[in-house]
Amino acid sequence: MVRFPRAEPGGEDVATSGGTTAPAQTSDGGDRLAVDKGLKVGAIGLVSAVVIGVASTAPGYSLAASLGGVTAAAGSQAPAIMLVAFIPMLFIAASYYYLNRADPDCGTTFTWATRAMGPKTGWIGGWGIIMADLVVMPSLAAITGSYLFLLFDANSLADNKWWVMVVGLIFIFLMTLVCVIGIELNARMQFFLLSAEVTVLLIFSVVALYKVLNGDIGGSVDPTWDWINPFKISSTTALADGLVVAIFLYWGWDTAVTVNEETKDPSRTPGRAAVISTLVLVATYVIVAIAAQSVQGADFLTKNAADVLSATGSLVLNSPFDKLLIIAVLTSAAASTQTTILPAARSELSMAAHKAAPSWYGKVSPKFLTPTNATWFFGFVSMAWFAVLTAVSNDVLGASILSVGLMIAFYYGLTGYVCVIYYRKHIFKSVRNFFFVGVAPLLGALSLTYIFVKATSDYWKDTASFGEIFGIGLAAAVGIGLLLLGIPLMIIWWIKAPAFFRRGRDPHPHPAPDGTGAVVPPILDAGPIRDADLDAGGKNGDEPITWTPGGSNGE
Amino acid sequence: MANEIVLGYDGSDGAKAAVPHGVALALAFDVPLVLAFAHGANPVGGVAGDLSRAAAEVGRTFLDEGAALARDVDAKVKIKTVLVNAMPVEGLVGLAEESKARMLVVGGNGHGTLIGTLLGSIDYKILHQTVVPVLVVQPPD
């Protein structure tokens with residue numbers, strides 16, 4: 001695989017290119033040490049790749065946050081929506097997979113859109129990612145706040161948005177701290193927590209369905225096949241509004257695909273991990289949706305959107321087992337918060353590293369090796385945003401879930417178009433290319449565009465559900481307003497630091513989707529951002545060898 | 001490479017305190033001293049290209065600093081520097097084992113056991129996870 005040599009200060013290229021392994025120059029046979037290309041290769045096995053994919057999607061929290069929203073839009077066809085929503089997600093994941101092969105940069109959509117469509121589109125794409133991450137934070141915090149109160153049976157506090165806000169703010173602060181310090185659960189612990197989460201959700205579903213079919217729960221509704229039949233969805237409005245919420249359920253799944261560069265067997269592991277995590281997620285969502293809906297019908301879920309799993313859980317599982325469900329949601333929310341803060345901070349870092357944002361955001365702490373400024377900044381803006389939304393909206397959770405759906409549809413859709421445009425000269429070269437970098441990304445992008453436009457117009461008119469700003473429904477106002485806010489900010493940065501905006505699109509030839517054929521040029525010819533203080537330390541001629549566990553560099 | 005002394009250097013007080021011991025061992029056994037800096041990004045955060053590069057940059061500076069410190073101790077010592085692209089524990093242990101190092105030297109974090117436990121003390125984990133003999137040097141109080 002050909003990869004561009006990373007520009008390193010001083011002009012040395014540490015990366016390999018042309019698929020060759022640069023020999024490590026050591027005095028006594030340094031053949032064990034292979035120079036790598038800046039990624040951890042050989043680090044992740046199949047199980048870990050699946051765990052990362054599913055944990056990044058956070059099924060427990062995603063269900064708790066959005067099940068009520070999906071039933072609100074699509075009624076009894078919520079399980080069908082869960083099924084349908086995966087399709088655009090799958091198509092967009094193909095874009096992630098192939099664009100990542102061209103340039104595995106943590107800017108993702110920002111970097112790729114810059115290459116394929118130019119710096120302005122790229123900048124707005126990066127802005128879209130950060131805003132999606134920002135907008136979901138109130139939901140994470142609100143879920144954590146109310147479920148934490150519910151865990152201790154403090155039901156009145158769970159309904160009080162100010163108390164929920166206090167707990168949520170503390171939660172965001174602590175999770176930001178965790179990301180700054182770089183504390184991470186080891187693989188075994190993550191595997192355990194995730195298995196527990198999925199197991200609890202399945203136990204809940206099995207018990208619920210058993211009791212419903214036995215007639216043990218008063219007011220229950222027997223499931224029918226219509227629930228999972230997409231053609232029974234009542235209208236395009238129900239479909240689009242349901243999908244924009246349900247996309248959120250699969251958000252983060254692309255991580256399973258993009259960590260592929262770092263897996264032990266890059267030719268097989270990512271594909272298998274993607275398939276397994278897909279099956280786990282789709283099955284979990286559909287089964288839980290059917291079970292939850294059968295307990296008291298779809299309307300009950302809509303009415304209890306803020307604590308949907310807790311409300312149904314207490315009807316299904318006897319105390320104290322209903323608390324297991326709450327704990328599963330809480331651990332899932334914590335994991336999800338981490339998978340929100342980390343990529344947001346990394347996008348800021350990437351934009352700063354490519355001079356598309358102030359270099360302040362690109363500073364990496366020498367102690368923790370994390371982008372500390374970017375992380376703290378994101379954490380504090382999230383806290384402010386959560387506080388503002390709590391004050392403005394009657395239903396922080398509902399409004400933020402709807403608007404995050406818009407953001408995701410925006411930048412996932414953009415990524416689909418980017419894939420088609422970037423690989424346009426390769427699409428017709430093979431059947432495989434035609435489907436995987438042509439048809440699939442384009443269908444994904446078109447369906448997300450449709451969902452984005454339709455849902456925006458529906459939310460625009462909906463001033464009743466979550467409150468309004470200037471006569472515009474809150475969800476649309478937040479979603480569109482925050483995206484548009486990017487434009488003046490981009491113009492300001494354009495005037496202040498025009499270097500990034502002077503680059504055009506990447507010249508042809510682009511590499512083929514399998515990574516061969518051409519070298520990807522750097523975004524800017526400048527080296528990576530460095531802390532000016534650290535810069536002062538002089539070099540003494542010892543260029544370090546780069547070493548990665550596993551021996552080979554995976555080529 | 002084999003039989004070397006591998007020293008994990010991250011610029012901390014413990015690592016600085018470990019340098020003279022690493023140099024003394026390398027000279028005593030007449031082998032090179034390998035200064036290693038390990039950096040890895042949390043895979044849960046997704047792709048880490050830029051972050052890895054920025055962290056490697058930090059590591060480069062530390063390795064320069066560590067090499068200079070070691071030469072100050074004794075200019076005769078032969079030094080190699082390695083950037084390890086993995087989390088500190090698995091990275092240092094992996095490097096030491098794969099290169100069949102004679103000994104792995106790391107600085108202690110100087111924390112009490114409680115903080116060490118909460119934050120995951122690297123020297124403690126290394127001590128228990130490798131067949132390579134480990135020397136832990138605590139920073140001066």
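Analyst: Happy to! Let's start at T415(A), which sits in helix α16 (residues 396-422) of chain A; helices (H or I, at least four residues) and strands (E, at least two) are DSSP runs, numbered from the N terminus. This is a predicted model, in which local features need pLDDT of at least 70 and side-chain atom pairs count only at pLDDT 80 or more, while totals for chains, interfaces and linings use all residues. Side-chain values use heavy atoms, leaving out hydrogens and water, residues are numbered from 1 along each chain as its sequence is written, and chains are lettered from A and ligands numbered from 1 in the order in which they are written.

T415(A) counts as buried because its relative accessibility is 0% (buried means under 20% relative accessible area, exposed over 50%, partly exposed in between, with a 1.4 Å probe and protein chains only). Leaving aside residues up to four places away in sequence, T415(A) touches S95(A), Y96(A), L99(A), T109(A) and W112(A), where contact means heavy atoms within 4.5 Å.

S95(A) leads us on to a helix pair. It is one of the residues through which α3(A) contacts α17(A). Two packed helices are described by the angle between their axes and the distance between the axes. Here the axes of α3 (residues 78-102) and α17 (residues 431-461), both of chain A, come within 8 Å and cross at roughly 130°. Axes are lines fitted to C-alpha atoms, for helices over the stretch in contact, and angles run from 0 to 180 degrees between N-to-C directions. That angle makes α3(A) oblique to α17(A): under 35 degrees counts as roughly parallel, over 145 as roughly antiparallel, 65 to 115 as roughly perpendicular and the rest as oblique. On the α3(A) side the contact also includes P88(A), F91(A) and Y98(A), and on the α17(A) side F436(A), A440(A) and L448(A) are among the residues involved. The residues of this contact divide into 12 nonpolar, 3 polar and 1 charged (Ala, Val, Leu, Ile, Met, Phe, Trp, Tyr, Cys and Pro count as nonpolar, Asp, Glu, Lys and Arg as charged, and the others, Gly among them, as polar).

Two other buried positions of chain A are worth a visit. T284(A), in helix α11 (residues 269-296), is buried with a relative accessible area of 2%. T284(A) touches V198(A) and L201(A), not counting residues up to four places away in sequence. L150(A) belongs to helix α5 (residues 119-151) and is buried at 8% relative accessible area. With residues up to four places away again left out, the contacts of L150(A) include D307(A), K323(A) and I326(A). L150(A) and I326(A) are 176 residues apart in sequence, yet their C-alpha atoms are 7.6 Å apart in space.

Stepping back, chain A has 20 helices and 3 strands, and buried residues make up 59% of its 555 residues. Of the contacts in chain A with a separation of 6 or more, 79% come from residues 24 or more positions apart.
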